[in-house]
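Please keep the sequence and the model in view while reading.

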2 protein chains.
Amino acid sequence: MSDAPTPRTRVRRLPELGVYDRAQVEAIVDEALYCHLAWVADDGDPRVIPTIHARVGDTLYVHGSSASSTLLAIKAGLPVAVAITIVDGIRFARSMFEHSMNYRTVVVFGIAQEVTDPDELSRVFTAITEQVAPGRSADARPPTPDEIRQTTIVKIPLDECSAKVSEGFPEESDEDLALDVWAGILPLRIAPGEPLDDPLLRPDIPRPAYVTAWHRDDVR
Amino acid sequence: MSDAPTPRTRVRRLPELGVYDRAQVEAIVDEALYCHLAWVADDGDPRVIPTIHARVGDTLYVHGSSASSTLLAIKAGLPVAVAITIVDGIRFARSMFEHSMNYRTVVVFGIAQEVTDPDELSRVFTAITEQVAPGRSADARPPTPDEIRQTTIVKIPLDECSAKVSEGFPEESDEDLALDVWAGILPLRIAPGEPLDDPLLRPDIPRPAYVTAWHRDDVR
């Protein structure tokens, strides 16, 4: 385990869970379907919204249109925190106290900058589309210049970030181990249901494999 | 649809998605498995962490131990924002621009207060346990006074909150509807895998039904 890049990315509680390895951070960012973006509004209070993201190299891109009343004003740069969380399961302990979730989370701190270069925006459109549904960008119609202008995307360098990984079985006292209570893990994952065709779908168009076989990582 | 309680809970972008109906807000809060808690740290920058929650009447309780370096200092009250998000699916449009997630999210603003009353903490332990795995609190060992003292839980009144619900099929221009591209929805949900017994589980203890039949809401 390498050092945390800054004090605020150091995992304070249960520091043995802290992960600062770059490859592991990137793997969590890349696997996650969505993220939560937090910032401080003009009134000094926090804001947080769910949104989608993609990583390109050392840069995290976040779709910011649903927060655009704030984000449109941040061309000069806004401090943000992004949490990217994957829930892997419920850890059932014999005591309520030792119950926990098994999860992997990355928190990124940085100054968000609005992306304004049309070529970069076009690449990010593809990257975010691929993040949600790998394979889709080859089929979907790319954005027009006007659609690109209507889209707010911000970028944050992946400099100040760390991961926290909580996994494994509960650790309990001998006294609790003797209790008449089941313990173990219920693995969880994001699972697809049966795809629903658009009511206006042309009947000659089949469901693509990247939809019918969509999946995130295997159960851990 | 009733009015937004405050300007900052008004859904600014795509305001037709805003939902201020109390029953719908509560249904989303109650169904969600986890949430994201955001606050402003001493350095003036935002923080955000994933954590678990439960609603009891008009109060949202949030487990704050993993943020305790900040939250332990907030007995006087800290402005927070909590996002509670349920992803229901991926909306595949023919254009990249009209792609979207189908989701339900509630954002709660308020002053977080640490819960210090032991009886209230004990009730919240049960409520959070039930939020994650309904039925579990009847089996798991309740917390000792010492375990209660080690736990940080904050409460936020469910006064200033709103929901945003994004659902349905893409809406596209006639030109895009004619494209040779599949469109529709891939429903998503949090799905359980096969439970894993604790390696130290007493062999005479079976898996309870609330584990083997664990589920969140049906696919939407």
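In this predicted model, helix α1 of chain B, residues 22-31, contains three buried residues: V25(B), I28(B) and V29(B). Viewed down the axis of α1(B), the buried residues fall within an arc of 100°, so they line one face of the helix. The spacing follows a general rule: an α-helix has 3.6 residues a turn, so residues three or four places apart point the same way. Burial here means that 20 or more other C-beta atoms lie within 10 Å of the residue's own. What covers the buried residues of α1(B) includes several strands of chain B, namely β4 (53-56), β5, β6 (78-92), β7 and β9 (160-166).

Strand β5, residues 59-63 of chain B, pairs with strand β8, residues 153-157 of chain B, in the antiparallel sense, and five bridges connect them. Within this pairing, V62(B) stands opposite V154(B). Strand β7 of chain B, residues 100-114, is also antiparallel to β8(B) and is joined to it by two bridges. Here E114(B) is the residue that stands opposite V154(B).

The next topic is the relation between the two chains. Chain B can be laid on chain A by a turn of 180° with a shift of 0.0 Å along the axis, and the RMSD is 0.0 Å. This is the relation of a two-fold axis. The C-alpha of chain B nearest that axis belongs to I190(B), at 2.3 Å from it.

How many residues of chain B are in contact with chain A? There are 82, and they meet 82 residues of chain A. The element that gives the most to this side of chain B is strand β10, residues 184-192, with nine residues. By class, the side of chain B that touches chain A comprises 53 nonpolar, 14 polar and 15 charged residues. Of the interface residues of chain B, 100% are also interface residues in chain A, so the copies meet through the same surface.

Strand β10 of chain A, residues 184-192, runs antiparallel to β10(B), and five bridges join the two. In this arrangement R189(A) stands opposite A191(B). I190(B), whose C-alpha is the one in chain B nearest the axis, lies within the residue range 184-192 of β10 in chain B.

Methods: Residues numbered from 1 in each chain as written. Chains lettered and ligands numbered in written order. Predicted model: local features only at pLDDT ≥ 70, side-chain atom pairs only at ≥ 80, totals over all residues. Contact = placed C-beta atoms within 7 Å. Helix = DSSP H or I, 4+ residues; strand = E, 2+ residues; numbered from the N terminus. Nonpolar A, V, L, I, M, F, W, Y, C, P; charged D, E, K, R; others polar. Pairing = 2+ DSSP bridges. Least-squares fit on C-alpha atoms with pLDDT ≥ 70 in both. Buried ≥ 20, exposed ≤ 12 C-beta atoms within 10 Å, placed from the backbone. Arc of directions from axis to C-beta.
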